[in-house]
Amino acid sequence: MRAVVLDAPGPPEALQIRELPVPVPKPGWVLIEVKAFGLNRSELQTRLGLAEGVTFPRVPGIEAAGVVAACPDGEFAVGQQVVAMMGGMGRQFDGGYAEYTCVPAEQAIAIRTDLDWATIGALPEMLQTAYGSLTVGLDIQPGQTLLIRGGTSSVGMTAAILAKQRGLTVFATTRNPAKADALRAIGVDEVLIEDGEVAVQARALRPDGVDALLELIGAPTMTDSFLATRIHGVVCSSGALSNDWLLRDFYPTGDIPSGVRLTGYGGDASDLPRAVLQDFLDAVASGTATVPIAKTYTLDQIVEAHTDMENNRVAGKLVVTT
């Protein structure tokens with residue numbers, strides 16, 4: 001099979017396409033013929049040497065979509081459509097950047113859809129993070145106001161789509177004014193230009209602060225996010241587009257305004273209910289939901305794809321088809 005291999009951290013060109021043996025699934029694992037996979041900031045962090053627990057050489061990729069090629073214990077039928085994500089994919093064992101990937105069966109979710117593989121491949125990790133952040137992390141309720149920092153990321157755009165479906169008013173940020181129309185097209189009510197101090201803009205729209213704030217940029221904007229949030233409102237940290245996770249010299253009593261709540265979300269395949277995934281696929285198929293795909297690539301274009309991701313060239317999800 002053809003696979004993308006990373007021998008050690010480096011620039012996009014460090015991602016090399018090689019011929020590798022098709023992996024053989026052991027009991028409790030499933031072999032998937034990969035049809036498409038999405039790109040994630042997690043893989044960028046792996047390539048840059050910022051991810052923990054990664055051994056090299058490694059086939060990256062924390063998600064994949066395809067059909068079951070083999071399943072020794074019978075958890076899935078051969079030919080079943082599945083998506084897979086997380087659980088050590090692309091870090092502790094080889095991931096989705098390949099024509100075949102082998103994963104623990106509990107990391108795979110069965111689906112049934114006639115959507116194209118690029119659309120399916122865009123969804124697993126993006127939907128899992130967005131859904132879990134809104135439900136577990138923020139416990140959003142209809143009628144609330146949600147501010148998404150890092151709004152043009154794939155997770156940010158998916159969170160906006162889900163929040164609008166649930167009756168929220170949605171604000172979202174972007175550093176690039178040229179991307180504002182992409183946010184408005186998915187239903188975002190107000191686009192804020194990200195300058196590191198968005199709280200003033202948010203308070204101009206909601207003087208008491210927003211009810212919920214999804215923080216996808218990370219540590220550099222966290223304290224400003226607290227200032228944008230109302231008393232008893234919630235800030236959920238779910239990402240680090242800045243590649244900076246750590247709050248240094250953090251003084252909770254002084255840095256978090258009284259009554260503002262801080263939580264986090266970092267999920268796994270088990271945190272995305274199969275029914276939620278299937279319902280979203282069905283909604284996309286019926287035209288009542290959209291998948292924010294920015295660009296698709298072939299496996300041979302993996303260097304170009306990572307270059308686009310690292311330089312934030314587009315708004316939405318990047319997908320590779322095999």
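**Close-up views of a predicted model**

Figure 1. The model is predicted, with local features needing pLDDT of at least 70 and side-chain atom pairs pLDDT 80 or more, whereas totals for chains, interfaces and linings use all residues. Residues are numbered from 1 along each chain, and side-chain values use heavy atoms, without hydrogens and water. Residues 10-320 are 28% helix and 26% strand, and their end C-alpha atoms lie 20 Å apart (DSSP runs: helices H or I, at least four residues; strands E, at least two).

**Figure 2. The crossing of helices α3 and α4**. The axes of α3 (residues 124-137) and α4 (residues 154-165) come within 8 Å and cross at roughly 55° (lines fitted to C-alpha atoms over the stretch in contact; angles run from 0 to 180 degrees between N-to-C directions). Residues in contact (heavy atoms within 4.5 Å) include Met 126, Leu 127 and Tyr 131 in α3, and Val 155, Leu 162 and Ala 163 in α4.

**Figure 3. The aromatic pair of Trp 29 and Phe 93**. The whole structure holds 3 aromatic pairs (ring centres within 6.5 Å, using the six-membered ring of Trp). The ring centres of Trp 29 and Phe 93 are 5.0 Å apart and the planes stand at 65°, so this pair is edge-to-face (planes over 60 degrees apart). Trp 29 belongs to strand β3 (residues 29-38), and Phe 93 lies 64 residues away, in the loop between β5 (81-85) and β6 (100-104).

Conventions:
Phe/Tyr/Trp six-rings, centres within 6.5 Å; stacked < 30°, edge-to-face > 60°.
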